[in-house]
Amino acid sequence: MIDVSRCFDSLYTHSISWAVRSKDYIKVYKGGSNQSFDEDFDKLMQNANHQETNGILIGSEVARIFAEIILQDIDQKVLNSLDSKGIFNNLDYTIRRYVDDFCIFAKSKEIADKVTDVVADELNSYKLYINTNKTKYFSRPFITNRSRNITELRRLVKNKMGDILERVNIFNEDNSLKDYYYFPNKKLMYNPTKSSTYFIKDLKSYWHVEEEYETGFSNYLLRALNEQLLMFVNKFNIINTETEEKNLDTVINYFIFIFDLALYAFFLEPKVNLSFTFSRLVLVMIRLSKVELKDYHEKLAHRIHTGLTDLLENELSRDSTCMVERLNILLLLNDIGEYYLPNEQDLKKYLFNEDYDNLNYFSLITGLFIVERKSKYKNILNFIIESIKSRLENLPNAKKSSEAMHLYSQFFLNKIQSF
């Protein structure tokens with residue numbers, strides 16, 4: 001497996017003409033009066049990036065198409081070069097590529113190395129280079145330690161959750177199956193913190209592989225917990241009508257158990273994409289307990305508040321790289337209820353950092369959403385309003401600044417009526 005180093009950042013916009021027409025052709029005929037597809041595409045990429053010819057914007061589908069045209073030309077040149085060396089596609093080797101990630105399958109390591117050398121040469125002709133630190137070799141059977149651990153982790157989660165969330169069948173008078181629902185095991189959920197602690201101990205042995213940073217399984221575990229929770233919630237109306245009131249405390253304990261596991265997973269890898277999965281899971285529990293489990297809601301709310309505050313004070317307190325994740329956690333606290341929001345000083349710190357230097361669209365608009373119509377945050381509200389006005393005055397015009405346009409439209413067009 002090989003990876004192109006900083007592919008989109010390194011692409012030279014004029015090189016699309018090399019891919020479409022060849023370098024030799026461009027050297028002879030470049031600058032003619034007739035416009036062409038490749039020249040128009042080249043100008044489009046430059047116009048989208050302040051007239052820069054080195055590097056293209058990351059994220060847009062148009063940029064993906066631009067890169068793909070160039071990379072497909074590299075694919076073809078690799079095939080032709082290897083054919084001339086007597087190394088044939090689908091016989092000695094084959095290549096599967098997804099954007100800038102190449103998977104080379106070969107009969108031997110020697111052939112794989114020769115193919116890699118040719119790929120590197122053709123990339124170099126476009127001023128692109130292989131990231132040697134990400135080059136990895138695998139032998140048959142093709143299973144990595146990560147894949148092996150995911151298989152074992154899946155088995156563990158399935159077995160454990162199968163014990164915790166039991167299926168209960170509802171029968172008609174003639175003993176035929178009428179419906180079913182899922183309900184937490186009362187014995188295992190009597191002490192949810194104890195049960196989650198034991199579960200986490202079992203999880204730890206699968207969590208990291210070969211001390212590589214990006215080998216955690218937080219994403220998998222959070223998705224599995226979401227599936228379990230939704231499986232339970234989708235049948236909750238039946239549960240509510242078929243169970244006695246005293247059993248509803250078991251439901252809250254089950255939510256606490258799920259929250260503890262989710263919190264552990266997110267604590268280990270507090271990334272932006274995982275913050276959305278984690279927040280969605282917590283929101284489902286908060287909103288269901290508010291409506292259907294009012295008498296027990298405070299017990300769940302207290303545990304979630306404690307866990308989220310711990311997150312804000314520890315893992316998400318380091319620097320502004322955790323900004324979006326931190327804002328998502330603040331929005332969760334806001335959803336629990338105003339009572340559970342931090343005091344004015346702490347809220348301002350969480351929103352804008354210790355030195356109040358994290359004043360951007362996301363922090364300002366999130367802060368505005370949280371503090372509006374809350375009298376105890378009047379000072380923060382005034383601070384946000386003045387900061388937005390100051391930021392708009394100092395940002396470049398909207399044509400060159402997405403942040404300026406978003407701040408203007410969100411604040412002045414949607415929020416000004418609140419003040």
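Predicted model: local features only at pLDDT ≥ 70, side-chain atom pairs only at ≥ 80, totals over all residues.
View 1. Helices here are DSSP runs of H or I with at least four residues, strands are runs of E with at least two, and both are numbered from the N terminus. Leaving aside residues up to four places away in sequence, Tyr 350 touches Leu 312, Glu 313, Arg 326, Leu 330 and Pro 342; contact means heavy atoms within 4.5 Å. For a sense of scale, Glu 122 lies 228 residues from Tyr 350 in sequence and 48 Å from it in space, C-alpha to C-alpha.

**View 2. Helix α14 is largely enclosed by the rest of the structure.** Of its 14 residues, 12 are buried. Among them are Arg 326 and Leu 330, both also touched by Tyr 350; others include Met 323, Glu 325, Asn 328, Asn 334 and Asp 335. The cover over the buried residues of α14 includes α11, α12 (272-292), α13, α15 and α16. Just after α14 comes Gly 337, with a positive phi of about 150°.

**View 3. Helices α13 and α14 pass each other roughly antiparallel.** The axes of α13 (residues 297-313) and α14 (residues 323-336) come within 10 Å and cross at roughly 160°. Axes are lines fitted to C-alpha atoms, for helices over the stretch in contact, and angles run from 0 to 180 degrees between N-to-C directions. Angles under 35 degrees count as roughly parallel, over 145 as roughly antiparallel, 65 to 115 as roughly perpendicular and the rest as oblique. The contact on the α13 side is made by His 297, Ala 301, Ile 304, His 305, Leu 308, Leu 311 and Leu 312. From α14 come Arg 326, Ile 329, Leu 330, Leu 332, Leu 333 and Ile 336.

**View 4. Helices α16 and α17 form another roughly antiparallel pair.** Their axes come within 10 Å and cross at roughly 150°. From α16 (residues 361-371), Leu 364, Gly 367, Leu 368 and Val 371 take part. Their partners in α17 (residues 378-394) are Ile 380, Leu 381, Ile 384, Ser 387, Ile 388 and Arg 391. In the loop between these two helices you will find Arg 373, which is exposed at 71% relative accessibility and has a positive phi near 65°.

**View 5. Helix α17 has a buried face.** The buried residues of α17 are Ile 380, Leu 381, Ile 384, Ile 385, Ser 387 and Ile 388. Seen down the helix axis, they fall within an arc of 165°, so they line one face of α17; the arc is that of the directions from the axis to the C-beta atoms. On the other side, Lys 378, Asn 379, Glu 386, Glu 393 and Asn 394 are exposed.

**View 6. Helix α8 also lines up its buried residues on one face.** Pro 192, Ser 195, Ser 196, Phe 199, Ile 200 and Leu 203 are the buried residues of α8. They lie within an arc of 135° seen down the axis, so they line one face of the helix. An α-helix has 3.6 residues a turn, so residues three or four places apart point the same way. The buried residues of α8 pack against α7 (145-164), α9 (218-233) and α11 (248-268).

**View 7. A cis peptide bond joins Arg 140 to Pro 141.** Its omega is near -5°. Pro 141 belongs to the loop between α6 (109-124) and α7. Most peptide bonds are trans.

How values were computed: Residues numbered from 1 in each chain as written. Heavy atoms only, no water. Buried < 20%, exposed > 50% of the residue type's maximum accessible area, 1.4 Å probe, protein only.
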